[in-house]
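Biologist: Could you pick out one part of this model and take me through it closely, together with what surrounds it? I would be glad of the cut-offs behind each term as you go.

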Amino acid sequence: MRITTTVNGTEHEVDDVWPGESLLYVLRERMGLPGSKNACEQGECGSCTVYLDGEPVCSCLVAAGQAVGREVITVEGLATEGQLHPLQQAFVECGAVQCGFCTPGLLVAAHDLLARVPGPSELEIREALAGNLCRCTGYEKILDAVRLAADRQAQA
Amino acid sequence: MSTDTGTRITATTTAGRVGDSPLRPDGTLKVTGEFAYASDLWHDDMVWGVTLRSPHPHARIRGIDITEALTVAGVTAVLTADDVPGENAFGLEHADQPVLAAEFVRYEGEPVALVAADHPETARRAAQRIRVDYEVLPAVTDPRRAMDDDAPAVHRPGNLVRHLPLRRGNPAARAPVVVSLDFEVGMQDQAFLGPESGLAVPAEDGGVDLYVATQWLHVDQRQICLALGMPPEKVRLHLAGVGGAFGGREDLSVHVHACLLALRTGRPVKMSYGREESFFGHVHRHPAWMTYEFGAERDGSLVYARARTVLDGGAYASSTAAVVGNAGTLGLGPYRIPNVTVDAYGVFTNNPPCGAMRGFGCVQTAFAYEALMDELAAAVGLDPVEIRLLNGMREGDTNITGQVVDSAAPVAELLQIVRDMPMPPPADTSDIRACPGAVCNTTHGEGVVRGVGYSVTYKNVGFSEGFDDFSTARVRLEMAGGEAVATVHTAAAEVGQGLITVQQQICRTELGVERVVVHPTNTAVGSSGSTSASRQTYVTGGAVKAACEAVRAVVLARAALFLERPAAELGLDGEKIVGASGEVLTGLAEVLGDDAVEETVEYRHRPTHAVDPETGQGAAHVQFAFSAHRAVVDVDVELGLVKVIALDTAQDVGKAINPDAVVGQIHGGSAQGMGLALMEEIVVTDGHVRNPSFTDYLIPTILDMPSMQVKVLEYADPHAPYGVRGVGEPPTISSGPAVAAAIRAATGKPLRRVPIRPEHITGT
């Protein structure tokens, strides 16, 4: 089947999609956007988190057909005009990235948090990111990064 | 095609020398989604490979019929054991595992056949149409029975992989105070997030290029060559982006399979496991059954220790023998014990194969000796820190294998540091997210009891017991665009830990240049050994340092001729040739001209030695690394729910090459140890894995993991480059026992098994 979806502001049209394919698979394997990650494909790890019409979702749990005509934003869409988003910058600066496989999903989830809750408390950050598994960092520097980005957002 | 971008580092301007904390050069690529992990690779005419695996823990294969699978539209190849051109065997230490099962399958999930097709779902469906005729055989699933005379043999001649006996002092020693316990540790999974993946590309010379996520390219290459019947120059490995490893990528996964399919189809083949397959596709941490006894004077001083440890190696040897080596030689912790009797066993069963995971044989035993140390403290009326201060190892002590610990052994200082760190405030019951059970709304503080626990451990760094543990580095220095550029080329796997940053820092320090390019990691340079055993900063760091020194010597020799001064008076810094007092004599550009200076060096640490097979005595290890943890937990004793409130730690790292990255390793390692104490277990019943998913195999989330206080000590090891001491593993060893101790302190329950489940606490 044909899938037409707007991803990061650009309309993508792909053909011959098998109806069982997930949005994640189509993004990664058909649209050339492998930034969203395939750590579990069970809806448990959050590494594939993208915005679907402004809502963060696990793209591995969304059938590609459900994304037709809708707007998707992936980690590749967070930076603007070659400038890292403050969250991306903070993740790099704080050492929140080790292997980095969880990073794209965490960035989208944290991006959503900061859009909803400016200056979140520690428990608010932890609750919002509880669906994103990281195996390398023990989360401490991820917390640091979200707090740093929130502070910078507040000062901006 | 994006296959060569996995580890190419484009941002080369990162500043920072040894002791600084420059940012990782791949950070920007990783936050923008552009970093090419193994599962991201793509080739325009590639096909997908999938694996058919055994549903039985033990069976004889009577026959395999692939006819129906071959008829599926889109399928380009179906392969079985008959299609393995070389030797149908691989393995890290012993080539005992078939590439594809031929006569027997020995564990659930063992690869039996391969399919390549134009779509992964087509390949999966075709694999289901392969008819395998199995004769199911009795399975050995209890490792404690595997050595019995009447147990079925998983392999000939029997089920013992290794027995390490260790005898020191008087085996009949007696003591006035005796404590003992049995302890059991469940099977932990590395649970790296990036699934096993690779892309094999057939080459015009009849060979193959494999882009793969791994921990040691050259040991992979050796095994792949054996299976393919090809020389190394035809089997070229390239490190693709690695999404974590933790030991789980030491053994082969997709490697040979992808190459076989690529060579058969003549097309690039991508293989990428899903999470469920990943649980079957790599080895796990050995579950362990341990019986420990301490004898002590009435003041708590240890007189003797006796320990028996059985590790379930599963169906194939993998690195079980080396894990047994650690469980034996390091199995009594960083304590002074004059009389020792240890027996460590690794056995074959029909359970999933077990091998390397962060902590490597030291994690399991630490739970036992630390629980027993607390038991001894209670028996003699000391607190947990006092008993450890009394018995803790010191520099110059002789350990239980007779090896002198010849650099810092700050057991007492580490314990005192964690003991004296600020305690967390009392339980905050105003927000249920801070309570055990959190938003499940199970308590607002009722039934919640706080407990504190301590643990201290030590671990060998690098490969032990006489292994030729070396690393190779090639460093090139040249002028490019008016700027000096150093290029460092190794085969050492960056798996997330930050080795590429460390390589840049060392080059900057030794060559005095700003710009350092890390060459893509591949087998076009000699082996760097494994990214494991906390060894790469030490060993590959040592190789990079040595290669830089060799380059510098050549440059300064040239400068000496040019300047008509002795080379010994010259130095290299800031792209200048400097004199003894730092004065600039000439520019590097003037000395180098259009030439490049390139040197390749193999670096070896001090040799280690095999232990005596009957007594376990010998200088088995090159270096020891020490860490201590203090855990504070709140336990809802009515429901058995645990909230870790604090997990504070101190560790001696010798020299922190990159202090921020060191702390990151300590955070992450601590989380994995905590996970084993509280939640992480592959549940295996009758040889079947019951929970191969992140739904049922739980790893700590950001809600589970507390913030940590971390104190890093830097007592240089005079034998190691820059004085470094391995960092990655100790935190995974000492964090879990501290958490378990804290829960015992809160509940008063013995809790002799990890992970500690709610029902163990409630007794229901």
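Modeller: Chain A has 156 residues, for which a compact globule would have a radius of gyration near 15 Å, and the chain agrees with its 15 Å (the radius is taken over C-alpha atoms, and the globule rule is 2.2 Å times the number of residues to the power 0.38). This is a predicted model, in which local features need pLDDT of at least 70 and side-chain atom pairs count only at pLDDT 80 or more, while totals for chains, interfaces and linings use all residues. Residues are numbered from 1 along each chain as its sequence is written, with chains lettered from A and ligands numbered from 1 in the order in which they are written.

Let me stay with chain A for a moment. Its C-alpha trace spans about 45 × 30 × 25 Å along the principal axes. It has 5 helices and 5 strands (DSSP runs numbered from the N terminus: H or I of at least four residues for helices, E of at least two for strands). Along the sequence these follow the pattern β-β-α-β-β-β-α-α-α-α. Of the 156 residues, 56% are buried; a residue is buried if 20 or more other C-beta atoms lie within 10 Å of its own, exposed if 12 or fewer, and partly exposed in between, with C-beta atoms placed from the backbone. Among contacts in chain A with a separation of 6 or more, 60% come from residues 24 or more positions apart (two residues are in contact if their C-beta atoms, placed from the backbone, lie within 7 Å).

Where chain A meets chain B, the contact takes 45 residues from chain A and 48 residues from chain B. On the chain A side, the elements giving two or more residues are α2 (86–94), α3 (103–116), α4 (122–128) and α5 (140–155). Of these, α2(A) gives the most, with 4 residues. The chain A side divides into 23 nonpolar, 13 polar and 9 charged residues; here Ala, Val, Leu, Ile, Met, Phe, Trp, Tyr, Cys and Pro count as nonpolar, Asp, Glu, Lys and Arg as charged, and the others, Gly among them, as polar.

Now to chain B. It comes to 16 helices and 31 strands, and its C-alpha trace spans about 75 × 75 × 60 Å along the principal axes. With 764 residues, its radius of gyration of 27 Å agrees with the value near 27 Å for a compact globule. In chain B, 61% of the residues count as buried, and residues 24 or more positions apart make up 80% of the contacts with a separation of 6 or more.

The part of chain B I would zoom in on is an open sheet of 3 strands, in the order β22-β23-β24 and with antiparallel pairing (two strands pair if DSSP finds at least two bridges between them). β22 (571–573) and β24 (584–587) of chain B stand at the edges with a single partner strand each, so each has one side left without a neighbour in the sheet. Ignoring direction, neighbouring strands of this sheet are turned by 35° against each other on average. β22(B) and the antiparallel strand β23 (residues 576–578) of chain B are joined by 3 bridges, and Leu572(B) has Ile577(B) as its bridge partner in β23(B).

Ala533(B), in the loop between β21 (515–518) and α12 (536–563) of chain B, has a positive phi of about 55° although it is not a glycine. Ala533(B) has 28 other C-beta atoms within 10 Å, so it counts as buried. Asn441(B) also has a positive phi, near 60°, and sits in the loop between α10 (411–420) and β18 (448–461) of chain B. Asn441(B), however, is exposed, with 9 other C-beta atoms within 10 Å.

How values were computed: Axes fitted to C-alpha atoms, helices over the stretch in contact; angles between N-to-C directions.
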